[in-house]
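Hi,

Here is the structure I promised to pass on.

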Amino acid sequence: MKIVGITVWALDLPLVRPYTLSGGRLAFERLDSTIVRLETDAGLAGWGEGCPWGSTYLPAFARGIRAGVEELAPVVLGLDPRPTDAVYRAMDLALPGHPYVKSPIDMACWDLAAQSAGLPLCDLLGGRTGGSVRLHSSIPSGTPAELMREIDLARADGYTMHSAKVGADVDADIERMRFLDAQMSRDEVVTFDVNRAWLPAEAIAALNATSELQRVIEQPCEHLEQHLHVRRHVTQPLAIDESLQSLGDILRIVETGACEVVGLKIGRVGGLTVARRIRDVCIEAGIQMNIEDTGGTTLQATAAVHLAHATPEPFRRATWMCVEHLTNDPIEGGARNGGGWSVAPELPGLGAAPDVPALGDPVADYRHPG
Ligand code: MG
């Protein structure tokens, strides 16, 4: 089997409500997502998506994906998509770095490999294990009352785990964390996600003032070095999200004992191929994972649920579905929110594919000359 066509669509995805994080310094009203279809000479089509959650959240931007796919297309056309490590190696040789660019192509290769094997994707990533995959909500920054209003909306959709975005003003954050902690019922979990907003001194002050709460604190500072300084002065369990961008990062996190939890976002680390390697390191190191993506439709959510469902339960903490924040989702099938939980589809491959007319006109189409 070989790849004979690559088609690219750009999707404008307005959010249901404006979203702010990192104490309000990063604000979003719509996302720009890239959908990629790989066609093969065997008549199968594989689908992938890349959506970096705007341009300010990560060193990634939507038009960069489209430019990167253009760069990679001559290398990927003609390859067999099923040996995914070999395809990834070819992409790395042709374009070192730029991991988020490779993720949608890699996802489509995994979709094709699983379709051609006649198995759901999770069965190629280690095999379906355990019960349903827990979902967590994502609660944008705001006043305590605004945060609670969003948590109540998430509760109505079945969520019992919440990622509340804090950061910015230390005194206000102390108030927010105490207030939200007190509002949680016994079966609820709240994580305080700072999204890099605090300086180390601010993190140490805020966390020592609230040490009785013992909730997971996510990505308190910009860099891993700052995080490690904070780590030595606080007692809360910590999570690293934005600072986990590569296999090298997870090795350093393990070596330094930096955290108990990581956010394993598939697009940020470069796709399912790299995410699977990082997942396996985390299992060996006893680190729990939020296995998810940086944004996008049900296509990306489904890929994340497949990887989560193939990860033993003690290590998979939760998965986030960006699609719940969108007004538009042109995907048929796939993993959905069933009362705060989800399952990987049983169909071969991803088990999700776009309604092609709903994507509009492609922005690029590359064909194998042979
Ligand atoms: Mg986070």
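Let's start with the metal: along the chain, the donors of the magnesium ion follow the spacing D-x24-E-x22-D. Keep in mind that this is a predicted model. The residues behind that pattern are Asp193 (OD), Glu218 (OE) and Asp241 (OD), which coordinate the magnesium ion at 2.1 to 2.3 Å. Aspartate 193 sits in strand β7 (residues 189–193) and glutamate 218 in strand β8 (residues 217–218), so this pair ties together parts that are 25 residues apart in sequence.

Are those two buried or exposed? Aspartate 193 is buried, with a relative accessible area of 1%, and glutamate 218 is buried too, at 5%.

Next, the aromatic rings. A search of the whole structure turns up 4 aromatic pairs. One of them joins tryptophan 9 and tryptophan 47: their ring centres are 5.6 Å apart and their planes are at 35°, so the pair is tilted. Tryptophan 9 belongs to strand β1 (residues 3–21) and tryptophan 47 to strand β3 (residues 45–50), so the pair ties together parts that are 38 residues apart in sequence. Tryptophan 9 is buried, with a relative accessible area of 2%, and tryptophan 47 counts as buried at 6%.

Tryptophan 53 and tryptophan 320 form an aromatic pair as well, this one edge-to-face, with 5.6 Å centre to centre and 75° between the planes. Tryptophan 53 lies in the loop between β3 and α1, and tryptophan 320 in the loop between β12 and β13, so the pair ties together parts that are 267 residues apart in sequence. Both of these tryptophans are buried. Ring pairs also link Trp53 and Trp320 with Tyr19 and Phe28 into a cluster.

Now zoom out to the domains. The domain assignment gives domain 1 (3–119 + 354–367) and domain 2 (123–351), and their centres, taken over C-alpha atoms, are 22 Å apart. How many residues of each are in contact with the other? The count is 50 residues of domain 1 and 55 residues of domain 2.

Between them, the two domains bury about 3,900 Å², 60% of it on carbon and sulfur atoms. On the domain 1 side, Tyr19, Tyr57 and Trp110 lose the most area to domain 2, together 17% of what that side buries. There are also 3 salt bridges between domain 1 and domain 2.

Cheers

Definitions and conventions: Residues numbered from 1 in each chain as written. Predicted model: local features only at pLDDT ≥ 70, side-chain atom pairs only at ≥ 80, totals over all residues. Heavy atoms only, no water. Donors = N, O, S within 2.8 Å, 3.2 Å for Na, K, Ca; no water. Helix = DSSP H or I, 4+ residues; strand = E, 2+ residues; numbered from the N terminus. Buried < 20%, exposed > 50% of the residue type's maximum accessible area, 1.4 Å probe, protein only. Phe/Tyr/Trp six-rings, centres within 6.5 Å; stacked < 30°, edge-to-face > 60°. Domains from an automatic or database assignment. Contact = heavy atoms within 4.5 Å. Buried area = accessible area lost by both parts, 1.4 Å probe. Salt bridge = Lys/Arg side-chain N within 4 Å of Asp/Glu carboxyl O.
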